[in-house]
Amino acid sequence: MKEKGTLTKHLLILCAVIITALGIPSITKADETNYQAVVSTDRAAGKVTYTVKGLVLDQNPDASTETKAENTTDTGSDNKKTIKLVVSSTTTKKNVLEKEIEITPQNCIEGTHTGTFSLSDLNYAYDTYTVSFVIDEKSIPAGNADLSIHSKNISMTVKGENSSASRTISLVSREAAGGVLIPGAGNQVSLMAWPVSSNENTAKIIGAKTNILGNNGLVWTTNISQAGTLYGDWNVKLVLTNTVKTNINIKLAQSTYNVTPALSSFTVKKTKTLEKKQSFGVYIQGLKNAYGINKLSFRIYNSKGSKVATVNGKRKNTSGSQFEASVTMKKLNYKLDAYTIKAVITDANGNTRTLDKTVSVDQRAKGGSLSVTKKAKKATCTYKLTNAYLPGNIKKVDFVLYKWNGSKWKKQDTFTVKSTSGKKKISVSASNLGIGNYRIKAYGYTAWNKRVLLDQQKYKLKKKDMGKNGWFYEKYNGKKYKLYYVDNKVQTDVTKILKLKKSSATHTNNFYIEVNRAACTVTIFMKNEETGKYDLPVKTCTVSVGRDTSTVAGTGALTLHSSYTPLGNYSICTNGQSVKYTMKPMVEPDGSTVYARWATHIVGNVYFHAIAVGSQSHYALSSSTYNRLGSPASAGCIRMTVADAKWIYDYASTGSTVKIVKGNSKKPGPMGKNAVIKTNGVSYDPTDPAVPDSRKKADYKAKRISGYMKKNGTRVGY
């Protein structure tokens, strides 16, 4: 064992002698613990400077000068000693740069070696790096080198209206004073944008490359339409490139912006002028769009969401910020509905975009409120419709009255109010028709004549609502008369109420009969037992008198060719003889013969009689002749309906006074003037009991007659 140790010692001494003889410098092992390494980073230049200290070179002072000289010319690799620079990424933990550094007296001054590396050596991989050295297989840490992009200090802002093509986009720096956001030289930042709905690889430049230095921010005022013409959300990013390293393309920050047309107001208006035109107005103001405005249209949708019409907007100014249109009900096919209106622009590129904002317009009928006011003293009801509305205004209103007959609602009457356009209150008053349950319906008519139910009400009439019932003394034209009322209506025929008997050989009705020539009425009076006067009207008839109403002569001027009804005092059968005919042939001025039913003689050739016809048939009466009742039309006789002529024939006894007066058309008599039935195309008198009720009913239903009298005397429709 002693021999082996002695041998090893000798070998080591021999090696030392050889190294010294060759003049090779050496790092003494005794100095390992004195190695120190540090780094400093110049971010602006993208450069790292490192310093290694404690490197002592051993030049073997015992070696001869001659030997040293020989060794200085020896360049063999076996004579080189190095240290290794190791740079590793703190992100990937991988070495990105390993460099052997030969230590020489020229680069190692007083044991210190200084060197550099840059972003170029790192292939422009921006990162934070750990720097160390390997010396004699020992790792000596030097520290970290920050060559990273300070992304946390970078943000971006996008400013500008969604409707504007011009946006201000900024790279905002929060880097401290004197700091550098991005290390190295040649750094440039540009803007790129792409639709959110597309891939990022479709991005296009909207902001030119701009140099970035130190901790400065950047600002671009750019036109976003450079990226495309789509609407909606867009992505925008800050992209780093470098003039030295051309394949660098790094996203520094990302944000979004939106491209949407905008407007300040979107409204619908209804004016009196527009209502008259059966339309409403649609208006847009303050319209802006990033891609320009070529035209605008309004699309109209019904309550079910279906498009029913498209109306082009009219540009109201050169900038295209104002549009309007008039929408007619005809365009909407006259459908009453609640509509939604959308505005669609066509931009300068030919693309269309529906604006986000919509408006609605209610073109439905508004029924308003229908009220019923009962006026007991007058036995009337006032029907009032308030705040009803129809698009284009209400042309007229029908108040239709129904009465419950125990099984169904039966129509009683219709009251029409015209010229209701624009009125908030529409009313009509009508006489009550008797106690019972009623329903009133208000129908409005549109300007295009569509009938629409607006509202309805039920009400009940009691006895107290019916006004006057029974006998009342009332003044008329300066005199008092005894009149009979039923539900506040003066009865124009009280024959049944008085239980009058027909005139006969055993019974006389002594009447006072007054013919009002101007009013074309005949009123029959009987003596009132309470007053002893002829102040009790029994019946009134609407008649036709002679068509010559200017003549005031009496009977002395009557001839075959005269056509006036003589004024004066006469009597039934003035000659004192009962002259009555169920059918009376009469000679007309032209010589023709006509036939008059139920004729009762007054004086001369003047009679009460039904309208004469050319034959003895009940169906030989023309409508035009019948419809002249109530106005002067005869040759002098007093024409009457069949029913009225028969009443005179049946009830007026010979000797009853007949007074024919000039009269007053506005004062027909205390019982008033009965409405006249109108006929259209029928050839009979609707009051004639000889005509079957079934035929009258059919013609009434077909509106060929406005009313008729049944065989039992009941009136229908008048």
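This is a predicted model: local features need pLDDT of at least 70, side-chain atom pairs count only at pLDDT 80 or more; totals for chains, interfaces and linings use all residues.
Helices and strands are here taken as DSSP runs, of at least four residues for helices and at least two for strands, and are numbered from the N terminus.

Two cavities of 30 Å³ or more are present in the structure. Two elements, strand β37 (533-542) and helix α6 (642-651), each contribute at least two residues to the lining of the largest cavity. When the lining residues of the largest cavity are divided by class, eight are nonpolar, five are polar and two are charged.

The second largest cavity holds about 120 Å³ of space, and of the 13 residues in its lining, those closest to the centre are Arg597, Ile611, Val613, Leu621 and Val642. The lining of the second largest cavity comprises seven nonpolar, three polar and three charged residues.

With regard to the cysteines, a search of the whole structure returned zero disulfides. Cys541 takes part in no disulfide, the nearest cysteine sulfur being that of Cys520, at 13 Å, whereas a disulfide would require a pair of cysteine sulfur atoms within 2.5 Å. Cys541 has a relative accessible area of 0% and is therefore classed as buried, the cut-off for that class being under 20%. Cys381, for which the relative accessible area is likewise 0%, is also buried.

How values were computed. Residues are numbered from 1 along each chain as its sequence is written. Side-chain values use heavy atoms; hydrogens and water are left out. On a 1 Å grid over the protein atoms alone, a cavity is a set of points where a 1.4 Å probe fits but cannot get out, and a pocket is an open set with protein on both sides within 12 Å along at least five of seven lines; lining residues have an atom within 4 Å of a point. Grid points are joined across faces, edges and corners, and a volume is the space filled by probe spheres set on the points. Ala, Val, Leu, Ile, Met, Phe, Trp, Tyr, Cys and Pro count as nonpolar, Asp, Glu, Lys and Arg as charged, and the others, Gly among them, as polar. Buried means under 20% relative accessible area, exposed over 50%, partly exposed in between (1.4 Å probe, protein chains only).
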